[in-house]
Amino acid sequence: MKRIRIDQFSRQWLATVPTRSATTSAWGSRPVSRISPASRASPAALRPQIRCQSNTADTNTTKHEAGPPPPPPEDASPASPASPETTTPGPITPEAIFDEAETREPQDAQEAREAREAQSGPRSLPSPHPDRALRSAKLAALHARLSLSSKIPLQILARALVDASADYHPRYNNANLAFVGASLLQYHTSEWLVTRFPRLPMAILFAAMKGYAGEPALHRIARAWGVEAAAAPGEEVDPGYLQFRHDKPSYLMHKWGYSRAEAKELSKYKWRRGMSSRVVFDDPFGDTITEKTSEPELEPALEVSNERNTKEMVLDDMSTTAHANFVRAVIGAIYLSRGRDSAKTFIKSHVLARQLDFANLFNFKLPQRELTRLCARENFDPPVARLLSETGRLTRTPVYVVGIYSGHDSLGDAAGPSLESAKIAACINALKAWYLYSPGEVGLPSDTFAEDAAPWKPAYVDIGEIVA
């Protein structure tokens, strides 16, 4: 289409533009016409020529090639600009050629957009305006309930209540604050667990981390603070409500971890996932991370493929995720407004002060073998089971009390309905007594960050767990 139009322009240009005196080309006797570049016309002058294509271009071209057009008579008056018959169009150059449809397209799109905006009316904000936080009684009550400093404004607390699923703008949601808070929460929780219980196995340490700083634990903390969720986010919602969308899941907050290509097959085929692999590749709680990738689809015959991992890095329970991100965002806001010490005190008061039953986290498969190897590693005498007491041997409900001894030292005892069950329970209690050893209140590595802090005293570090 453009080629046909350029041919028409060339014929019209030869028909309308007067030529200067022909000169002889250096390559032959053919006359060559030169046109001054200053005589180029603007695109506005070309529109009537583009829209009205004359069919007499061929005849005018023939006359023009025969010779120059005659000069106008001296008594001819200048034609009126309004008459198209007497208007002499300016020269058309290849630089001025444009597509008229392309010129009208942005204008048409703008008119359509203006029409849509006029029909839809003014657009509403996805979350409340920050100025409304100063007039919210519910937000002020939450600020006072958490005993937050006056240096933490209500606007920051209101931003912590806006989940990323409600407002995708990073300046008005709590994604950045939650990421900072998650990093601080994981750091202080892990250092407290390692120094307080130095003999915990890695599997129990992951479970304890999840019990203190995991999604369910933070959800219960937020509910204990009295945080209420709005039915749906919007500009008209009170800033004191937690706002998130149930149909748009939010992203997980983690600081490290890699997406495994075989994440789905681990649970499907019951593949073994070692503890070292969980420490290196998985999230802070030892769970696998599955992330949607944009790689091309692989062959369907492959058993392990990335195209099966189509689940994005999201959680299904939006209420639990949103409440947990709010707690993390509050910690991040305290750290940015008040500093490291205030954030550490807040974590210790609201998170680490909760009671967690570590004894119920253990699940031993071969407790007798593990206890034997532990005594051999520590150069203890081999463990021996002894019957301490019994009652009702000839009844339907007998009770036996068995103790585990290493030399003259008692390692643990337990009661059971049979001698074998009592022996296994005594071995489990002995292993729990070993792993749950605590040196008491000791200094933390973060205590040395202060300017007037005491010199660091190294904490007790255990050799490691027993591999049965």
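**Notes on the predicted model**

1. The side chains of Arg199 and Asp462 form a salt bridge, with an N to O distance of 3.5 Å. Since Arg199 sits in the loop between helix H7 (175-196) and helix H8 (202-213), while Asp462 belongs to the segment after helix H15 (419-435), the pair ties together parts that are 263 residues apart in sequence. Both Arg199 and Asp462 are buried. Please keep in mind, here and below, that this is a predicted model.

2. A second pair joins Asp447 to Lys344, and here the closest N and O atoms are 2.2 Å apart. As for cover, Asp447 counts as partly exposed because its relative accessibility is 36%, whereas Lys344, at 19%, counts as buried; the value for Lys344 should be read against a cut-off of under 20% for buried residues.

3. Glu228 and Lys138 also meet through their side chains in a salt bridge, at 3.8 Å from N to O. Glu228 is in the loop between helix H9 (215-224) and helix H10 (263-268) and Lys138 is in helix H5 (residues 137-145), so this pair ties together parts that are 90 residues apart in sequence. Glu228 is partly exposed, at a relative accessible area of 40%, and Lys138 is likewise partly exposed, at 30%. A search of the whole structure finds seven salt bridges, including the one between Glu228 and Lys138.

4. Phe244 counts as buried because its relative accessibility is 2%. Phe244 and His323 are 79 residues apart in sequence, and their C-alpha atoms are 9.5 Å apart in space.

5. Helix H12 (residues 318-338) passes a simple check of its geometry: at 1.5 Å a residue its 21 residues should span 30 Å, and its end C-alpha atoms are 30 Å apart, which agrees. H12 is mostly covered, in that 16 of its 21 residues are buried. Just after H12 comes Gly339, which takes a positive phi of about 115°.

6. In helix H9, the buried residues are Glu215, Ala217, Leu218, His219, Ile221 and Ala222. The elements that cover these buried residues include H7, H8, H12 and H13. H9, too, is followed by a glycine with a positive phi, namely Gly226, whose value is near 85°.

7. Why does the structure hold zero disulfides, as regards Cys375? The sulfur of Cys375 is 9.2 Å from the closest cysteine sulfur, which belongs to Cys427, and that is too far for a bond. Cys427 is in no disulfide either, the nearest cysteine sulfur to its own being that of Cys375. Cys375 is buried, with a relative accessible area of 3%, and Cys427 is buried as well, at 4%.

8. On the surface, Val279, Val280 and Phe281 form a nonpolar patch, with about 250 Å² of accessible area together. Val279 has its place in helix H11 (residues 275-281), and it counts as partly exposed because its relative accessibility is 41%.

9. Finally, some totals for the protein, which has 15 helices and five strands. Of its 468 residues, 33% count as buried, and the protein exposes about 29,100 Å², of which carbon and sulfur atoms supply 54%. Among contacts with a separation of 6 or more, 65% are accounted for by residues 24 or more positions apart. These totals use all residues, whereas local features need pLDDT of at least 70.

How values were computed
Residues are numbered from 1 along each chain as its sequence is written. This is a predicted model: local features need pLDDT of at least 70, side-chain atom pairs count only at pLDDT 80 or more; totals for chains, interfaces and linings use all residues. Side-chain values use heavy atoms; hydrogens and water are left out. Patches are made of residues with over 30% relative accessible area and no salt bridge: like charges are joined within 9 Å, nonpolar side chains (Val, Leu, Ile, Met, Phe, Trp, Tyr) within 5 Å. Accessible areas come from the Shrake-Rupley method with a 1.4 Å probe; for residues, only the protein chains shown count as cover. A salt bridge is a side-chain nitrogen of Lys or Arg within 4 Å of a carboxyl oxygen of Asp or Glu. Helices (H or I, at least four residues) and strands (E, at least two) are DSSP runs, numbered from the N terminus. Buried means under 20% relative accessible area, exposed over 50%, partly exposed in between (1.4 Å probe, protein chains only). The expected span of a helix is 1.5 Å times one less than its number of residues. Contact means heavy atoms within 4.5 Å. A disulfide is a pair of cysteine sulfur atoms within 2.5 Å.
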